[in-house]
Amino acid sequence: MEFYDISRDLLSAEPYPGDPKPYLERIRSMEAGEDYTLSAFYACCHSGTHADAPSHYILGGKDISELSLDHCFGPCTLLTASGVLTGAHMDQILPYCEKRVLFRGEGKAFLTPSAAFALCDAGVLLVGTDACSIASPDAEEETHREFLERETVILEGLCLDGVPDGRYLLAAFPIKIHGAEGSPVRAVLIKSDNTE
């Protein structure tokens, strides 16, 4: 069994433009002569590798603590893509994909609302990207809404360097934060003989 940690470090990952930069604060320190080390951290709910909940774009939508965890765990397909991806592109790849799909595009692959519609219509439970956002800046709201209205989990800010395309088992559980519209995630791909 082979494990790939596809999460970015929470503190060093580039924040989405306009989002606050996360930081760690040392409250107690053994280096300073105290009996133990204790830290606190501050981060936007969309820092580093994170999941979006419906309430990110849907008024009254489910928060991150209410996400279906079965969407965040199971068979997954990782694909390399580039540019702006449409519904027609999705129609070509969907016959070869699991119900969880991750796109590697070196931060430059984005989904249009028609791509989101095609993925949701095919019953995709989770979609992820190595970009800061699943959508291009001119289609942020429409693409997110298409996924989140259908309660498809969005993973953003993945680190897919060095991971070959293919089928995996994905584990990507968000932190349980009542009322939050997103959460950092420790995302892992697992490759075994059963995922060939």
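Entry 1, basis. I worked with a predicted model, in which local features need pLDDT of at least 70, side-chain atom pairs count only at pLDDT 80 or more, and totals for chains, interfaces and linings use all residues. Residues are numbered from 1 along each chain as its sequence is written, and side-chain values use heavy atoms, with hydrogens and water left out.

I searched the whole structure and noted 9 salt bridges (a side-chain nitrogen of Lys or Arg within 4 Å of a carboxyl oxygen of Asp or Glu). One of them joins D5 to R186, with the closest N and O atoms 2.8 Å apart. D5 belongs to strand β1 (residues 2–5) and R186 to strand β12 (residues 182–191), so this pair ties together parts 181 residues apart in sequence. Strands here are DSSP runs of E, at least two residues, and helices are runs of H or I, at least four, numbered from the N terminus.

I found D5 partly exposed at 40% relative accessible area and R186 exposed at 58% (exposed is over 50%, buried under 20%, partly exposed in between; 1.4 Å probe, protein chains only).

Entry 4, helix α3. I noted a salt bridge between R145 and E141, the closest N and O atoms being 2.9 Å apart. Both residues lie in helix α3, 4 residues apart, about one turn of the helix.
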